[in-house]
Amino acid sequence: MEVTARKGMKVFVNVASWMDGWNGSHDMENGNERREREGGVKRLVLFPCPYQGHINPMLQLGSFLHSKGFSITVIHTQFNSPNPSTHPEFTFFPIQDGLTAEEISSGNVLAFLLAINANCKASFRQCLTQVMEQEPDNKITCAIRDDLMYFTEAVAKDLNIPNIMLRTSSVTNVLARTAVPQLHSKGHIPFPGITLHCWIANSQSLNPVPDFHPLRFKDLPTSNFDTFEKYSELVVNAFDVRTASAMVWNTTDCLEQSSLAQIQQQFPVPIFSIGPLHKIEAAASSSLLEEDTSCIAWLLKQSNNSVIYVSLGSVASISEIELAQMAWGLANSKQPFLWVIRPGSVSGSEWIELLPQGFIEAIGEGGCIVKWAPQREVLSHRAMGGFWSHCGWNSTLESLSEGIPMICTPSFGDQKVHSRYVSQVWNVGMHMDNELERGEIERTVRKMMVDADGEVMRVRAKDLKEKIEVSLSNGGSSYNFLNKLVELIMLF
Ligand code: UDX
């Protein structure tokens with residue numbers, strides 16, 4: 001594989017010769033040794049997409065690269081600004097994002113992403129230019145950008161800064177996203193007129209997607225706010241890797257080997273599967289909400305593998321009816337549960353005011369409800385027995401990395417792909433197919449926590465956890481790709 005300089009770039013890298021010389025077996029140089037050798041610090045600029053599930057892996061990658069001697073500058077939107085005090089080793093620069101209150105509160109993720117890409121180009125360029133002018137001796141070695149923040153690519157190119165694309169979702173999700181426009185062009189999906197999601201949800205939803213086993217049409221990464229035109233706009237732009245020097249994935253070979261092979265055929269850039277990133281560097285939390293650590297004291301009182309952890313991530317929301325179904329399903333399962341109810345995640349309420357009457361009394365000490373949990377710590381707790389999740393990619397990776405089987409209730413987009421893979425490919429989870437209903441919830445939770453089915457999944461999940469650990473350890477695939485990534489950036 002060869003990476004030559006893209007038009008307008010100062011950097012010429014022949015990755016083929018560099019990769020051939022790599023045996024992947026030696027330890028990475030530490031930051032101080034590198035500084036001594038280089039006689040200066042190389043500055044990397046990171047631009048995360050402003051959602052929790054994107055900020056976390058970007059800052060985790062930043063922490064890792066910082067530990068290898070790079071200086072890290074994070075440019076970010078005002079909306080969902082990361083907290084600089086959690087990463088005092090980084091420099092943070094907020095930029096104007098021009099988002100309206102309506103765009104922020106609408107819940108329309110697609111429109112939100114398109115708005116950021118449309119709004120932020122000038123302010124990002126201005127900020128990068130200022131950073132370069134302020135410290136001309138500390139030039140920017142490379143920009144690392146979230147794939148969904150595609151406007152950054154043109155700016156980096158104009159300023160002759162090499163760029164690396166970080167993909168924070170699964171490879172399989174990206175393959176499925178690229179398949180949607182192709183399915184449309186072949187007439188499998190009729191447009192326009194109705195949203196993509198409605199069509200997929202209501203018609204041939206259970207039919208298999210051609211050449212995409214085991215995905216069904218209903219598992220395609222669409223959302224109820226998508227229209228085909230908007231969807232295509234995002235997909236086309238986010239998949240444009242013309243000037244990227246590399247594509248970095250928060251995944252690992254043992255989870256997505258065949259998808260990685262396919263993606264390498266589709267995209268002519270070096271591909272680095274370096275995840276799960278949260279396991280690589282004991283990075284500080286980059287939570288946008290305050291973590292309630294009191295739940296750890298509650299977990300300490302529970303027996304091993306007995307608790308079901310429930311969290312639907314940082315974006316998904318539910319209705320009052322769904323809240324009541326979840327509450328009674330959990331209570332009637334008679335299994336201890338730790339439930340994250342994010343403020344504002346239940347339509348029409350601030351927090352838990354809409355929980356059904358009598359529920360809190362019914363659960364007594366058997367349940368713990370928090371606004372936001374220290375999720376990584378929770379999942380690695382000995383009391384954890386299962387994770388009822390929306391299957392965001394970070395939650396999925398965090399669960400698999402700790403050997404915790406999952407109950408999957410995806411809400412939108414990539415979550416549907418991950419849910420299918422958890423239940424049908426990695427075989428470490430159960431998918432709740434229907435609308436949230438208390439009887440089904442009770443049965444599924446008991447199946448996971450009490451029945452033999454759950455035990456079998458727990459054993460499989462532990463096995464997968466070991467494979468992930470091997471990929472992260474010396475000589476493993478993620479370990480080697482991390483080394484290669486550092487070497488590549490050193491060549492810029
Ligand atoms: C979003 C999209 O919804 C998801 O589909 C995509 O894969 C990533 O971007 P989100 O819904 O927040 O992410 O889900 P996820 O990817 O699971 O990220 C949530 C992060 O928040 C995880 O790292 C998790 O550890 C953290 N978290 C969640 C907490 O720290 N505490 C909590 O209580 C809940």
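Visitor: In this predicted model, where is the place of Asn160?
Guide: The model shown here is a predicted one. Helix α7 covers residues 151-158, and Asn160 follows that helix. The place of Asn160 is the loop between α7 and β5.

Visitor: What is the phi of Asn160, which is not a glycine?
Guide: Asn160 comes after α7. Although Asn160 is not a glycine, its phi is positive, with a value of about 60°.

Visitor: Is Asn160 buried or exposed, or does it count as partly exposed?
Guide: A residue is buried under 20% relative accessible area and exposed over 50%. Asn160 has a relative accessibility of 29%, and therefore it counts as partly exposed.

Visitor: Which residues of helix α7 are buried, and what do they pack against?
Guide: Within α7, the buried residues are Phe151, Thr152, Glu153, Val155 and Ala156.

Visitor: How many of the 11 residues of α5 are buried?
Guide: The buried residues of α5 are Val109, Leu110, Phe112, Leu113, Leu114, Ala115, Ile116 and Asn117. Their cover includes β2 (71-77), α4 (101-105), α7 and α10. Helix α5 is largely enclosed by the rest of the structure, because the buried share of its 11 residues is 8.

Visitor: How are α8 and α10 oriented to each other?
Guide: The axes of α8 (residues 171-185) and α10 (residues 228-238) come within 10 Å and cross at roughly 135°. An angle over 145 degrees would count as roughly antiparallel, and one from 65 to 115 as roughly perpendicular. The two helices α8 and α10 are therefore oblique.

Visitor: What is the handedness of the crossing in which α8 passes α10, and which residues make the contact?
Guide: The crossing of α8 past α10 is left-handed. On the α8 side the contact is made by Arg177, Thr178, Val180, Pro181 and His184, and on the α10 side by Phe228, Tyr231 and Val235.

Visitor: How many residues of each class are in the contact of α8 with α10?
Guide: Among the residues in this contact are Val180 and Pro181 of α8 and Phe228 of α10. Sorted by class, the contact of α8 with α10 has 1 charged, 2 polar and 5 nonpolar residues.

Visitor: Which residue does the side chain of Asn56 join through a polar contact?
Guide: Asn56 is part of helix α3 (residues 52-67). With a relative accessible area of 16%, Asn56 is buried. At 2.9 Å, a polar contact links the side chain of Asn56 to that of Ser286.

Visitor: What is the omega of the peptide bond from His213 to Pro214?
Guide: Pro214 lies in the loop between α9 (196-202) and α10. The peptide bond from His213 to Pro214 is cis, and its omega is near 5°.

Visitor: Which residue does a cis peptide bond join to Pro276?
Guide: The loop between β7 (271-273) and α12 (294-300) contains Pro276. The cis bond has an omega of about -10°, and the residue joined to Pro276 is Gly275.

Visitor: What is the relative accessible area of Asn305?
Guide: Asn305 is found in the loop between α12 and β8 (307-311). Although Asn305 is not a glycine, its phi is positive, at about 55°. Asn305 is partly exposed, and its relative accessible area is 35%.

Terms used:
Residues are numbered from 1 along each chain as its sequence is written. This is a predicted model: local features need pLDDT of at least 70, side-chain atom pairs count only at pLDDT 80 or more; totals for chains, interfaces and linings use all residues. Side-chain values use heavy atoms; hydrogens and water are left out. Axes are lines fitted to C-alpha atoms, for helices over the stretch in contact, and angles run from 0 to 180 degrees between N-to-C directions. Helices (H or I, at least four residues) and strands (E, at least two) are DSSP runs, numbered from the N terminus. Angles under 35 degrees count as roughly parallel, over 145 as roughly antiparallel, 65 to 115 as roughly perpendicular and the rest as oblique. A crossing is left-handed if the near helix is turned anticlockwise from the far one by less than a right angle, and right-handed if clockwise. Contact means heavy atoms within 4.5 Å. Ala, Val, Leu, Ile, Met, Phe, Trp, Tyr, Cys and Pro count as nonpolar, Asp, Glu, Lys and Arg as charged, and the others, Gly among them, as polar. Buried means under 20% relative accessible area, exposed over 50%, partly exposed in between (1.4 Å probe, protein chains only). A polar contact is a pair of N or O atoms within 3.5 Å; within protein, one must be able to donate a hydrogen and the other to accept it, and residues adjacent in sequence count only if both atoms are side-chain atoms.
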